[in-house]
Amino acid sequence: MNDIIKYFQETKAYFEQELAKCSATDQPLLSVLQESINYSLYSGGKRIRPLFAFAVGELFDVTREKLSTLACALEMIHTASLIMDDLPHMDDATMRRGKPANHVVYGQDVAALASIGLLTRAYEVILADPELPDDKKTKVVERLANVVGIDGLVGGQFVDLKFADQSMEYSTLEYIHSHKTAALFVSSGSTAAIIGNATLEQITALEEYASNLGFAFQILDDLLDATGTEEEVGKSLQKDKGNFVAFYGVEKCRELVENYTNGAIKAIHIFNGKNDKLITLAQLLLKRKS
Ligand code: GRG
């Protein structure tokens with residue numbers, strides 16, 4: 001376990017350096033936009049999606065250099081979604097990762113541009129990556145466009161904004177979180193697996209792992225939202241209307257987090273002997289406090 005924790009720490013340190021290269025502009029007129037981007041990109045994010053992608057790469061002996069633009073793209077998409085999610089006409093949240101939200105510091109105009117800038121840069125870096133062959137780039141960009149678009153994060157956010165209330169059906173709650181949270185976990189795994197020349201069976205197993213992990217992650221997020229304080233969790237609480245705790249209550253949600261985590265671990269049994277990093281990742285996420 002300690003070796004694997006060390007692996008994640010080292011991979012994270014490598015990733016931070018790569019991210020700085022991916023997200024920069026040297027145009028002086030854009031310095032405030034760059035500040036706003038950096039503010040959200042380097043404010044203590046856990047880097048779960050990139051770390052997951054790197055751990056999937058290990059299954060297929062893909063070098064981290066070959067996965068680095070994918071990892072950066074995943075984090076830039078994730079960060080873009082957080083900046084937009086916090087805006088007043090969305091969740092209207094003023095705190096993120098223990099600090100004022102991006103728009104509180106830089107204004108809504110700059111925050112919106114930082115979000116769109118990060119989102120488009122995600123595709124740019126993959127398409128410009130000399131390490132990736134064209135057929136992989138096409139497949140990866142297609143999956144990432146799909147996960148962000150109308151049938152992905154955008155759709156999940158829309159349903160959350162317009163249909164989430166106390167009387168919603170379970171299928172609506174499931175739609176929201178499979179699209180807002182689990183989908184980006186799923187495509188983090190599948191895109192890394194595609195780069196690793198995984199078989200369809202292997203991609204499917206990783207998608208099942210990621211989908212389970214995504215739900216465990218979201219339900220734990222809702223538990224922290226319901227039971228923690230703003231200082232502990234580091235963000236504005238009770239802003240999400242589509243909430244598992246409101247639907248099931250605290251005790252049942254704790255059980256669900258365990259069940260989904262076990263489901264994730266079971267899904268990757270086909271990688272027995274090589275899946276220790278993914279198992280540890282699932283166990284670490286179960287213990288998180290923010
Ligand atoms: C502009 C990409 C883009 C999308 C538009 C706004 C929107 C549609 C979707 C919102 C999606 C969203 C914010 C989902 C929440 C997912 C979630 C559980 C985030 C928390 O993830 P952590 O804990 O964050 O990994 P850190 O802070 O560690 O980076």
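Visitor: Which hand does the crossing of α4 and α7 have?

Guide: This is a predicted model, and in it α4 passes α7 in a right-handed crossing.

Visitor: And which residues of the two helices make that contact?

Guide: On the α4 side the contact is made by L70, A73, L74 and I77, while α7 contributes V140, L144 and V148. Sorted by class, the contact of α4 with α7 has seven nonpolar residues, with no polar and no charged ones.

Visitor: What are the angle and the axis distance for that pair?

Guide: Helix α4, which covers residues 64–86, and helix α7, which covers residues 134–148, pack at an angle of about 10°, and their axes lie 12 Å apart. Because angles under 35 degrees count as roughly parallel, α4 is roughly parallel to α7.

Visitor: What lies nearest the centre of the largest one?

Guide: Its lining is made up of 13 residues, and those nearest the centre of the largest cavity are S40, S43, R96, R97 and N102.

Visitor: Which elements give two or more residues to that lining?

Guide: For the largest cavity they are α2 (31–41), α4 and β2 (99–100). The largest share of this lining, four residues, comes from α4, the helix that also packs with α7.

Visitor: How does that lining divide between nonpolar, polar and charged residues?

Guide: The lining of the largest cavity divides into five nonpolar, four polar and four charged residues.

Visitor: Then the second largest cavity: what is its volume, and which residues line it?

Guide: The second largest cavity has a volume of about 50 Å³. Lining it are L213, A216, F217 and L220, together with V257, T261, A282, L285 and L286.

Visitor: Which helices supply at least two residues each there?

Guide: Those are α10 (200–227), α13 (250–267) and α14 (276–286), each of which supplies at least two residues of the lining of the second largest cavity. The largest share comes from α10, with four residues.

Visitor: And the class count for that lining, nonpolar, polar and charged?

Guide: In the second largest cavity the lining has eight nonpolar residues and one polar residue, with no charged residues, whereas four charged residues belong to the lining of the largest cavity.

Terms used. Residues are numbered from 1 along each chain as its sequence is written. This is a predicted model: local features need pLDDT of at least 70, side-chain atom pairs count only at pLDDT 80 or more; totals for chains, interfaces and linings use all residues. Side-chain values use heavy atoms; hydrogens and water are left out. Axes are lines fitted to C-alpha atoms, for helices over the stretch in contact, and angles run from 0 to 180 degrees between N-to-C directions. Angles under 35 degrees count as roughly parallel, over 145 as roughly antiparallel, 65 to 115 as roughly perpendicular and the rest as oblique. A crossing is left-handed if the near helix is turned anticlockwise from the far one by less than a right angle, and right-handed if clockwise. Contact means heavy atoms within 4.5 Å. Ala, Val, Leu, Ile, Met, Phe, Trp, Tyr, Cys and Pro count as nonpolar, Asp, Glu, Lys and Arg as charged, and the others, Gly among them, as polar. On a 1 Å grid over the protein atoms alone, a cavity is a set of points where a 1.4 Å probe fits but cannot get out, and a pocket is an open set with protein on both sides within 12 Å along at least five of seven lines; lining residues have an atom within 4 Å of a point. Grid points are joined across faces, edges and corners, and a volume is the space filled by probe spheres set on the points.
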